[in-house]
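Good morning, and thank you for making time for this presentation.

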Amino acid sequence: MNLTELQLKARVRTSWQALDLGVKIARRWYLSLMLAWLIPALVVYLLLVAGMYAYGMWSVSPLPLSLSVLWEVSPLWLLLIIWWLKPLLDRLPLFLLSHYIFNDKARGWLHWRALLRLYRFDALLSLSVRRFDIQRSLHLPVTVLERQKGGARKRRCELLRRGCGPAGGWLTWVMMSLEGALSLGLAILLLSLLGIDFYIQPTFLMKGSDIALLYLEILPDILFMALIAPFYIACGFSLYLNRRIELEAWDLELVFRESARRREPQSTIKPLLSAALSLLMLCLVTPLSIAPAQAQEPTLTREQLDARDQVRTILETPPFVIEKNVSHWQWQDEPDQVDSEDSSFLDSLNNLMDEDSGDLSSLFSVVELLLWIGMGLLVVLVLRKLVSHLKAAPVLSKPNARGSVNSPQVMMGMAISAESLPEQIDARIDEAFERGDERQAMSLMYRHVLFLLIHQHRVPVEPWYTELECADAVKQRSQLPLDGCWDELTQYWVQLAYAHQSPPRARVQYLYLALKKVLAP
Amino acid sequence: MTQPTRATLTPEQAHDHIDFLRNRIQALLIGQDDVVDQVLIALLCRGHVLLEGVPGLGKTLLVRALAHCFAGQFRRIQFTPDLMPADMTGHAVYHMQEGSFHIRRGPIFTNLLLADEINRSPAKTQAALLEVMQEQQVTIEGESHALTPPFMVLATQNPVEQEGTYPLPEAQLDRFLLKVFIDYPTLDDEARLVRQVTSGALDMGDLEPGDEETLQPSQILALQAAAELIAVDEQVLNYAVRLVQATRQTSSILKGAGPRASIGLVNAAKAWALMNGRDFVLPDDIKQVSLPVMRHRILLAPESEIDGLTPDQVLKQLIQTVDAPRT
């Protein structure tokens, strides 16, 4: 593992950025990764098919009857086996990917013995206890690349999981869903293209040729696993690398290496710089070693001091210094370091209870009884309030309904508010009739009656209503004994307004007075 | 064809004729009183009607009943995908013996034309109706032939079966004065209908020509003239125009109704006023006919369609935003 050959920029990323990077990595070397997964899977598939075929040729089954029936009834077991072997099948693409990432062009590992070692290492536990490990992609490099097992592997995995464990779990869920979506999508596509009814024949009813077809039908599922696997492995590896960059400060190391490389031509100061870097690394990694370093300060030359200052300046600027604003609440002291008085009080109470538990039990019973009584009273009060509210509802509904009528101030372009009507309206009506201004007189009469109906008798009308709609609204309020007077007055009004037909003066005045007698307070 | 003479009617005669038409049709088409009224409105103001409803609600019966009420001609064209314009309008035929072309008139030369399932024919065939509906004349071989009034097209379409149909283009829709929805009858009406049909009281044979009293085409023309004479106050006319203009200014409508809608609105309101025994138009008449006049002339905005609104719902909201006329 040569860090300087790392093919990606070493910096600390969030888990989700690391996953994005993993997708990019998978796309970069997709074909080789996919083939590295698919070819071994196909080999397994062919071996299993050949084995089953050979088993079928045997006249006497070597398997117990129940097992042989189970085996024979569904070649889907093949698919299950290949799916179960995924932790092993993922190893070669990961191994290949690690070589790509660190630009290792040596091909010494490409030997069947090496491959066998790769697949055999810790295989039993990978396929049994750890098969359903939800963060498998994150833990895989520990097994494959670090070759750790047992307690060391467990500790290592725990360390890796901190920070990016949830992302590893989500990765597995998402990739599983994608696999399922691809399989389901293909099935639906075929059904929609073929236009046939979907029908699942029970496998135990299938003939030999149908079962042979089933052997082929699982091939697309294997292909889908191979299509998804590079993304899964690369994303997991990216999470793993991200965690190691964070833990082992690869980014800092690479910066130092780069600085050292840039200063390489100045061979005279190289030993000095390397000494300073080593010193500072010691300071950085082990803060306690600062004291000895300071102790050596008088022995440093001027150039060494300059170099140290430069490095310090660099280290005090980003990305080496990360300032964060912490906005959440945090205990300044440990919770157990609370006020000693409280603690002593609690201790004394505890002691009291221990000593006199027999005497206090009656006190606790009384308190419990009081609490129950209080609870009962609360329930009674709530119920009483509820009942009174329900009883009052019908009574309250009428004033609410009346109040909710938003009486318009203008209807059909006519102002019908109290302020818009003249003080002595009857005299004004007579004056208008005397003047021959029937329209003015009728308008005053109509407006006045409309005002009484809408504002005093709360007839619900809307501003866009026409005359006939107002008449209909008044009809709905059947408790008003208008005896058709309002309808007749409306008819005379619309005849005058829209047909310019003069109404009989005596009749409309009679109607107006009759209406006013009923409606006026 | 000879033009029928146009007689003038007294208000009482007009009401009698309208009642006669209304009662005769309602006796046959039970439970669709509003539809009958709207078809009569279109007849009185020389308009055409687009009837929409699921099969079996009596769309064809309505038209046949209307034809049965007056002594005019009635023709029916079943629109099919292979129907050609010349199949409707007619064409020129070469007469071998005379050595000249003769015009063979199509079924469109009638008084009442039932265009059954009009959306089953492509736009080319539908467009053949444009001239006859607007100008009331047909051009065959470059020669215009006027139709004998009264002329009315009643087209039907089914809102459910949309497969293999050709939606009517905007220009064609605009030619229809009213778009009328025929809905299912109420429980009581349907019970009455079933009772009458099963007891033999209502027979489709009633629609065959007989000795019953019918109106003459001239009387229909007189009714149309009477509707024209209905007075419309300037404020009511402005109200109708404001209603139509409001359809062009709201964001819930992508394309509002055109001036033909304003004209149709006032004409239909006049007919409705006549049918209600008035000689002047009220704002309520405008409101009453505004939905059937405008519902097919507007195009809803995509947001309204996504919200599941229908043209009727949008128009009802719109009507509430336009104040009744100032008097």
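Let me begin with a term: two residues are in contact if their C-beta atoms, placed from the backbone, lie within 7 Å. Please also bear in mind that this is a predicted model.

With that term in hand, we turn to where the two chains meet. How many residues does each chain bring to the contact? Chain A gives 13 residues, and chain B gives 17 residues. On the side of chain A that touches chain B, two elements supply two or more residues, namely helix H21 (467-476) and helix H22 (485-499) of chain A. H22(A) has the largest share of that side, with 4 residues. Sorted by class, the side of chain A that touches chain B consists of 10 nonpolar, 2 polar and 1 charged residues.

Now to the chains themselves, beginning with chain A. Its secondary structure amounts to 23 helices and 2 strands. Chain A has 521 residues, of which 21% count as buried. Among the contacts in chain A with a separation of 6 or more, 75% join residues 24 or more positions apart.

Chain B may be described in the like manner. Here the secondary structure comes to 13 helices and 11 strands. Chain B has 327 residues, and buried residues make up 43% of them. For contacts in chain B with a separation of 6 or more, residues 24 or more positions apart account for 79%.

Let us next consider the nonpolar cores. In soluble globular proteins, nonpolar side chains tend to be buried together. The largest nonpolar core in this model has 122 residues. Which of its members touch the most other members? They are Leu489(A), Val39(B), Ile41(B), Val49(B), Leu265(B), Ala268(B) and Ala269(B). Setting aside residues up to four places away in sequence, Leu489(A) touches Tyr446(A), Val449(A), Val508(A), Leu511(A), Tyr512(A) and Leu515(A). Another core, of 43 residues, lies apart from the largest one, and its members include Ala18(A), Ala26(A), Val142(A) and Leu171(A).

I come now to helix packing in chain A. Two packed helices are described by the angle between their axes and the distance between the axes. Take helix H10 (residues 150-194) and helix H12 (residues 219-248) of chain A, whose axes come within 10 Å and cross at roughly 165 degrees. H10(A) and H12(A) are therefore roughly antiparallel to each other. Their crossing is right-handed, and the contact of H10(A) with H12(A) has 17 nonpolar, 5 polar and 3 charged residues.

H12(A) also packs with helix H1 (residues 15-28) of chain A, at an angle of about 135 degrees and with the axes 7 Å apart. That angle makes H1(A) oblique to H12(A). The crossing of H1(A) and H12(A) is again a right-handed one. Among the residues that make this contact are Ala18(A), Gly22(A) and Ala26(A) of H1(A), and Phe231(A), Ala234(A) and Asn242(A) of H12(A). By class, the contact of H1(A) with H12(A) has 12 nonpolar, 4 polar and no charged residues.

Of its 11 residues, 9 are buried, so H3(B) is largely enclosed by the rest of the structure. The buried residues of H3(B) include Lys59(B), Arg64(B) and His68(B), as well as Leu62(B) and Val63(B). What covers them? Among the covering elements of chain B are helix H1 (11-28), helix H2 (33-44), strand S1 (49-52) and strand S2 (74-78).

Val474(A) lies in helix H21 of chain A. Is Val474(A) buried or exposed? Because it has 21 C-beta neighbours inside 10 Å, Val474(A) counts as buried. Leaving aside neighbours within four places in sequence, Val474(A) is in contact with Leu453(A), Val459(A), Leu480(A), Leu482(A) and Trp486(A). The C-alpha atoms of Val474(A) and His457(A) are separated by 9.8 Å, and these residues are 17 residues apart along the chain.

The other residue is Pro422(A), in the loop between strand S2 (414-415) and helix H19 (425-435) of chain A. Pro422(A) has 11 C-beta neighbours inside 10 Å and therefore counts as exposed. From Pro422(A) to His448(A) is 9.6 Å, C-alpha to C-alpha, with the two 26 residues apart in sequence.

Thank you for your attention.

Definitions and conventions:
Residues are numbered from 1 along each chain as its sequence is written. Chains are lettered from A and ligands numbered from 1 in the order in which they are written. This is a predicted model: local features need pLDDT of at least 70, side-chain atom pairs count only at pLDDT 80 or more; totals for chains, interfaces and linings use all residues. A residue is buried if 20 or more other C-beta atoms lie within 10 Å of its own, exposed if 12 or fewer, and partly exposed in between; C-beta atoms are placed from the backbone. Ala, Val, Leu, Ile, Met, Phe, Trp, Tyr, Cys and Pro count as nonpolar, Asp, Glu, Lys and Arg as charged, and the others, Gly among them, as polar. A nonpolar core is a set of buried Ala, Val, Leu, Ile, Met, Phe, Trp, Tyr and Cys residues joined through C-beta atoms within 7 Å. Axes are lines fitted to C-alpha atoms, for helices over the stretch in contact, and angles run from 0 to 180 degrees between N-to-C directions. Angles under 35 degrees count as roughly parallel, over 145 as roughly antiparallel, 65 to 115 as roughly perpendicular and the rest as oblique. A crossing is left-handed if the near helix is turned anticlockwise from the far one by less than a right angle, and right-handed if clockwise.
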